Amino acid sequence: MRHLMNPLDFSVCELDTLFDLANDIERNPKKYAHACDGKILATCFYEPSTRTRLSFESAMTRLGGRVIGFADQNSSSAAKGESVSDTIRVISCYADICAMRHPKEGAPMVASEKSGIPVINAGDGGHYHPTQTLTDLLTIRSLRGRLDHFTIGLCGDLKFGRTVHSLISALVRYPGIRFLFISPDELRVPDYITEMLKEKGIPYEEVISLEEVMPQLDLLYMTRVQKERFFNEEDYVRLKDFYILDPAKMELAKEDMLVLHPLPRVNEISVEVDDDPRAAYFKQAQYGVYVRMALILTLLELV
Amino acid sequence: MLNVGKIEEGFVLDHIQAGQSLSIYEHLQLDKLDCTVAIIKNARSEKMGKKDILKVECDIDMLDLDVLAFINHNITVNVIKNGEIVEKKELVLPQQIKNVIKCHNPRCITSIEQELPHIFILADPEKEVYRCKYCEEKYHNGTKL
């Protein structure tokens, strides 16, 4: 039995198979509409996350399966003091696969060690969010036909953004990748990431100006400056509007550059950019469902 | 001067930093073994000034000494058979340690699930860095990096 804890749990070759399946689902949704008939997905969300939870629920429902679960800690037995280990043992009796989000790092791994069913890490604190990374990779691969030989700009909160860290770790496995880290000084990418890139000999640059590097980019991954990461309101207010992607900046970009964002956005991408054919962030949400469908089928060994 | 006799079979752990012998006794779980153990504290040492020594009379396969390398790799491990030293064991950092140090990351699942063992995986043998199995925070000598 296999689980998904970390975006690197799957090899590059296994990811190719997963993404091929996701693209087949995209092209032939009817073929998979009953693939999970009689199967149950448990969504165990110990902290609220409407987007990820609904994406999992949509994925299972589109496969013909059913969904049970809870959407926050207070409506689960955790409020009564039950451990994750005990909860997953019980959930294993009720469902065939589980997607778990938990505020504590490593909680889904604890669950996977005691579980009788596959467990998917749907986000564990600031640690991993592997299905977001799979979504990002599938979006790039589907819209650009490959995952190698790109100059990728990552912009915004590169210090606390776990999606950014995971995406970098996943992309370094492909040849010809060059990173441009665009952030204010306070939100620079952590040292462990730059050290890892140096060790692997992967080119990167750290810059403050988005306009300056815009013409070089094949992909631009925007992130939100997250209020909950700041102890000081003043710092948050100062940094939240540091980057706003608008049509004027988009004019500097290549004609086929893609703009990605894990969503939700606040104001880092102006709504006027939404109609630009290079804006891929809503398509990304759609690919999030396809990749979760492919993942459920793969972990349930139904393909 | 206090004299502790020879052992026939087992281990003599020498050059333990003075005061560390009781924690080693605990980590090796010697309380669970039905064998003779001598704990010598503050023995005179030319090299160290003061040192602790542990003598454990047991079958030499009974003890997993890997954890000693994590606690202090300067400890000398003499393997005794028929009353003689037959081997000076080289200490190698264990790939995994369990309940030897604790993860202090308040965001780690071990901070709320009391019964979970604190497991650390060797991440960098040269720098003696271990990472928590669950949250991956890195530690050196029990201190968070």
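This briefing looks at a nonpolar core and a few backbone details. The model is predicted, so local features need pLDDT of at least 70 and side-chain atom pairs count only at pLDDT 80 or more, while totals for chains, interfaces and linings use all residues. Residues are numbered from 1 along each chain as its sequence is written, and chains are lettered from A and ligands numbered from 1 in the order in which they are written.

**The core**
- The largest nonpolar core holds 112 residues; such a core is a set of buried Ala, Val, Leu, Ile, Met, Phe, Trp, Tyr and Cys residues joined through C-beta atoms within 7 Å.
- Buried here means 20 or more other C-beta atoms within 10 Å of the residue's own, exposed means 12 or fewer, and partly exposed lies in between, with C-beta atoms placed from the backbone.
- Cys98(A), Tyr221(A), Met293(A) and Ile296(A) have the most contacts inside this core.
- Helix H11 of chain A (residues 281–299) gives the most to this core, with 9 residues; helices (H or I, at least four residues) and strands (E, at least two) are DSSP runs numbered from the N terminus.

**A cis peptide bond**
- Leu263(A) and Pro264(A) are joined by a cis peptide bond, with omega about 5 degrees.
- Pro264(A) sits in the loop between strand E9 (258–260) and H11 of chain A.

**Positive phi in chain B**
- Asn82(B), not a glycine, has a positive phi of about 50 degrees and lies in the loop between strands E4 (76–81) and E5 (84–89) of chain B.
- Asn82(B) counts as exposed because it has 7 C-beta neighbours inside 10 Å.
- Glu136(B), also not a glycine, has a positive phi of about 70 degrees.
- Glu136(B) is partly exposed, with 18 other C-beta atoms within 10 Å.
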